[in-house]
Amino acid sequence: MNINFKALNKHDANYTEVIELYKEAFPGAKRIPTFLLRYKLRNGKEGFNVLYENDEWIGLIYSAEYKDIVFVQFLAISESSRSQGYGSKVMASLKDRHIGKRIILNIEELDKKATNYEQRVKRKAFYEKNGFISTGYMVKEPDQKYEMLIREGSISKEEIESLYDDLFGSIISFFIRPKVLKI
């Protein structure tokens, strides 16, 4: 049973549910600004995919590629599909889709004062179980600090900064580039 990645478009049978899951799973500050997301979708930018197992909708993933790096920005499994191993299946499928590429993602910093500290610990354990390790870098955005994890290799501070420049474009990146900090 493979996980299928289908590019999101407004004609997808689960379009409304996908957008609702996106809004529910990721707080406003973490989400890509709606105007930027619409621009990317309208201009054929790949990355925002609906996840299916056979014909059953199970979630969404948004990733961006830069050189030999795949940056997973969002992954959410639908409520009805959670705790059934789909997250690990998606991670395995992602690895199979991007053979020879480094896969990175950010998780919220393990801050014991955070109200969702236990959730953060479980999230990190999930990714470690699926082959991710710390890059040794934190990414500081205006509202939050994130630990960057990687699967397959390592990454330098310069590569992370170049990735963000490519992701946001030079003008937007000038204003909202996160700071990359060594742990």
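At 7% relative accessibility, Arg120 counts as buried (buried means under 20% relative accessible area, exposed over 50%, and partly exposed in between, with a 1.4 Å probe and protein chains only). Before we go on, please keep in mind that this is a predicted model, where local features need pLDDT of at least 70, side-chain atom pairs count only at pLDDT 80 or more, and totals for chains, interfaces and linings use all residues. Residues are numbered from 1 along each chain as its sequence is written, and side-chain values use heavy atoms, with hydrogens and water left out.

Let us stay with Arg120 for a moment. Its side chain meets that of Glu108 in a salt bridge, 3.6 Å from N to O (a salt bridge is a side-chain nitrogen of Lys or Arg within 4 Å of a carboxyl oxygen of Asp or Glu). This pair links distant parts of the chain, 12 residues apart: Arg120 sits in helix H4 (residues 117-129) and Glu108 in strand E5. Helices (H or I, at least four residues) and strands (E, at least two) are DSSP runs, numbered from the N terminus.

Now look along H4 itself. Arg120, Lys124 and Tyr127 are buried in H4. They cover an arc of only 65° around the axis, so they lie on the same side of H4; the arc is that of the directions from the helix axis to the C-beta atoms. An α-helix has 3.6 residues a turn, so residues three or four places apart point the same way. On the other side of H4 you will find Glu118, Lys122 and Lys129, which are exposed. The buried residues of H4 pack against E4, H3, E5 and strand E7 (145-151), where contact means heavy atoms within 4.5 Å. After H4 comes Gly131, with a positive phi near 90°.

The whole structure holds 9 salt bridges. In one of them, Arg82 pairs with Glu24, with the closest N and O atoms 3.4 Å apart. Arg82 is partly exposed at 36% relative accessible area, while Glu24 is exposed at 53%. Glu65 and Lys101 form another, with 2.4 Å between the closest N and O atoms. Glu65 lies in strand E3 (residues 56-66) and Lys101 in the loop between H3 and strand E5 (102-108), so this pair ties together parts 36 residues apart in sequence. Finally, Asp68, Arg102 and Glu159 are linked in a network of salt bridges.
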